[in-house]
Amino acid sequence: MSKKIRQSLVAGNWKMNGSAALVADFNEKLKTVQCDANIVVCSPSTLFHHFSADAFSLGAQNVSHLDNGAHTGELSLEMIKDAGCSYAIVGHSERREDQQESNDLVASKAKKCVEAGVTPIICVGESLEIREAGNVEQFVGEQLDALTSTLSVEELSKSVIAYEPIWAIGTGKTATPEQAQEVHEFIRGYFNKVDADLALKLPILYGGSVKPDNAQTLFSQKDVDGGLIGGASLKAEDFISICQAAN
Ligand SMILES: O=C(CO)COP(=O)(O)O
């Protein structure tokens, strides 16, 4: 399988961090960035309107699966699109845990994104407990089952998968390149059983303590097409060097 067939992508997930001042810094510093990878910044929604850069795309960190109406605190696809987003993270492990988002809900959000012309970055990944019990493939496989039973092959081909082992998120404990590759290969193999062309073209990102000094070895793995970056996406210089590692 050739990797070049897939466009690499690096997305920053600012989580509940950031300010208008940080956006201004990103607007300035990313303006002239030279990079082959597509770059996405997923900021808090309060900041969307402060972005002005053309060098990267904007993404939401979550979106509702509902259209509109009496759902206090939720944001619809139309709203995030109106605010300039062309991507949305769905099913981040922090939301799966904090908001009890189920595999089925995540799948319906992803489908809704594709229908609206927004690219979902769909997060999957296991806890340390599941890894130590040797159940990674079963657990991630079930997360993927919900996607393949809800989205068509065509819809999946307009999606991005992010493998984020929960034990590596914000812990400084990165998966080794071999551990990342092993699960990425499993994910690609899973989609290969659904549709070979889909599997060949589907971008699969790695997330979990990616830093400027480990990005390149992770991104050079055969089935790793870029990254979903948390902490290190909050400093423009670090984020730029991670984006450039995906060239
Ligand atoms: O959760 C993540 C991105 O969505 C990863 O976070 P860290 O890069 O801070 O480990």
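## Ground rules

Helices (DSSP H or I runs of at least four residues) and strands (E runs of at least two) are numbered from the N terminus.

The model is a predicted one, where local features need pLDDT of at least 70, side-chain atom pairs count only at pLDDT 80 or more, and totals for chains, interfaces and linings use all residues. Residue numbers start from 1 along each chain as its sequence is written.

## Helix α6 against helix α8

Two packed helices are described by the angle between their axes and the distance between the axes. Axes here are lines fitted to C-alpha atoms, for helices over the stretch in contact, with angles running from 0 to 180 degrees between N-to-C directions. Helix α6 (residues 136-150) packs on helix α8 (residues 177-194) at an angle of about 40°, and their axes are 11 Å apart. That makes α6 oblique to α8; angles under 35 degrees count as roughly parallel, over 145 as roughly antiparallel, 65 to 115 as roughly perpendicular and the rest as oblique. The crossing of α6 past α8 is right-handed, meaning that the near helix is turned clockwise from the far one by less than a right angle.

On the α6 side, the contact is made by Val136, Glu137, Val140, Gly141, Leu144 and Thr148, and on the α8 side by Val183, Phe186, Ile187, Tyr190 and Val194. Residues are in contact if their C-beta atoms, placed from the backbone, lie within 7 Å. This contact of α6 with α8 divides into eight nonpolar, two polar and one charged residue. Here Ala, Val, Leu, Ile, Met, Phe, Trp, Tyr, Cys and Pro count as nonpolar, Asp, Glu, Lys and Arg as charged, and the others, Gly among them, as polar.

Val183 is buried, with 23 other C-beta atoms within 10 Å. The cut-offs are 20 or more such neighbours within 10 Å for buried, 12 or fewer for exposed, and anything in between for partly exposed, with C-beta atoms placed from the backbone. Beyond four places in sequence, Val183 is in contact with Val136, Val140 and Tyr163.

## Helix α4 against helix α6

Helix α4 (residues 103-116) also meets α6: their axes come within 9 Å and cross at roughly 45°. The two are therefore oblique to each other, and the crossing is right-handed. Among the contact residues are Asn103, Asp104 and Val106 of α4, and Glu142, Gln143 and Ala146 of α6. The contact of α4 with α6 comprises five nonpolar, four polar and three charged residues.

## Cys243 and helix α11

Cys243 lies in helix α11 (residues 236-245) and is buried, with 30 other C-beta atoms within 10 Å. Not counting residues up to four places away in sequence, Cys243 touches Val10, Val33, Cys35, Ala37 and Ile39.

The buried residues of α11 are Phe239, Ile240, Ile242, Cys243 and Ala245. Their cover includes β1 (9-13), α1 (20-29), β2 (38-42), α10 (215-219) and β8 (226-229).

## Two positive phi angles

Lys15 has a positive phi of about 50° although it is not a glycine. Lys15 is found in the loop between β1 and α1, and counts as partly exposed with 19 C-beta neighbours inside 10 Å.

Ser209, also not a glycine, has a positive phi near 55°. Ser209 is placed in the loop between β7 (204-207) and α10, and is buried, with 21 other C-beta atoms within 10 Å.

Key: Contact = placed C-beta atoms within 7 Å.
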